[in-house]
Amino acid sequence: MNMENIDFISRSEADTFALAESLCHAMPHGGVIALFGDLGAGKTVFARGFAKALGITEPVSSPTYTIIQEYPAPGGKYLYHLDLYRISDERAGLAFGVDEYLESGEYVLVEWPERIAKLLPENTLKLQITHTGENERHWTVMK
Ligand SMILES: Nc1ncnc2c1ncn2[C@@H]1O[C@H](COP(=O)(O)OP(=O)(O)O)[C@@H](O)[C@H]1O
Ligand SMILES: [Mg+2]
């Protein structure tokens with residue numbers, strides 16, 4: 001999987017799951033993935049696929065009210081799942097300590113990353129998800 005050139009049509013939840021699994025395997029040492037896309041784009045479905053690829057068995061929920069969920073993975077790794085829907089801006093994000101998660105070196109998935117755009121590390125993989133049909137989503141890398 002070439003992470004700079006992702007251009008993927010997902011036609012089902014299972015496709016999005018599979019994309020997340022391959023991306024996870026392509027980044028064995030952690031990293032930040034920002035998931036840009038509307039409500040229902042499949043950001044949380046992606047997070048579930050990613051967690052599964054890391055061997056996490058705990059169910060991954062949509063952490064709308066918790067902002068940050070921490071999932072320990074086998075081998076001493078962590079997955080941090082951030083849902084910033086309710087965060088207004090960078091200042092509010094910093095009050096929740098999002099910078100520490102982003103700079104942790106662990107796996108970090110960010111829903112609604114536009115809220116804290118200025119805090120995203122330079123090497124963040126920015127994925128844009130577009131609704132192209134009822135069950136179809138187009139996944140591309142944002143430059
Ligand atoms: N190709 C697809 N990929 C991911 N989810 C899909 C797809 N097609 C339909 N869906 C549905 O869209 C919804 C995505 O929900 P969710 O992942 O919670 O979105 P988000 O976190 O982006 O708001 C789910 O109900 C899922 O079943
Ligand atoms: Mg979600």
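**The shell around ligand 1**

Reply: The shell around ligand 1 consists of three nonpolar, nine polar and six charged residues. Here Ala, Val, Leu, Ile, Met, Phe, Trp, Tyr, Cys and Pro count as nonpolar, Asp, Glu, Lys and Arg as charged, and the others, Gly among them, as polar. Residues are numbered from 1 along each chain as its sequence is written, while chains are lettered from A and ligands numbered from 1 in the order in which they are written. The model is predicted: local features need pLDDT of at least 70, side-chain atom pairs count only at pLDDT 80 or more, and totals for chains, interfaces and linings use all residues.

Around ligand 1 there are 18 residues (C-beta atom, placed from the backbone, within 6 Å). Thr16, Gly42, Lys43, Thr44 and Asn135 come nearest to ligand 1. At least two residues of this shell are supplied by helix H1 (13-26), and at least two by helix H2 (43-53); helices are DSSP runs of H or I, at least four residues, numbered from the N terminus.

These two helices also meet each other. The axes of H1 and H2, lines fitted to C-alpha atoms over the stretch in contact, come within 7 Å and cross at roughly 45°, on a scale from 0 to 180 degrees between N-to-C directions. On the side of H1, the contact (C-beta atoms, placed from the backbone, within 7 Å) is made by Glu13, Thr16, Phe17, Ala18, Ala20, Glu21, Cys24 and His25. H2 contributes Val45, Phe46, Arg48, Gly49, Phe50, Lys52 and Ala53. Eight residues of this contact between H1 and H2 are nonpolar, three are polar and four are charged.

Methods:
Contact = placed C-beta atoms within 7 Å.
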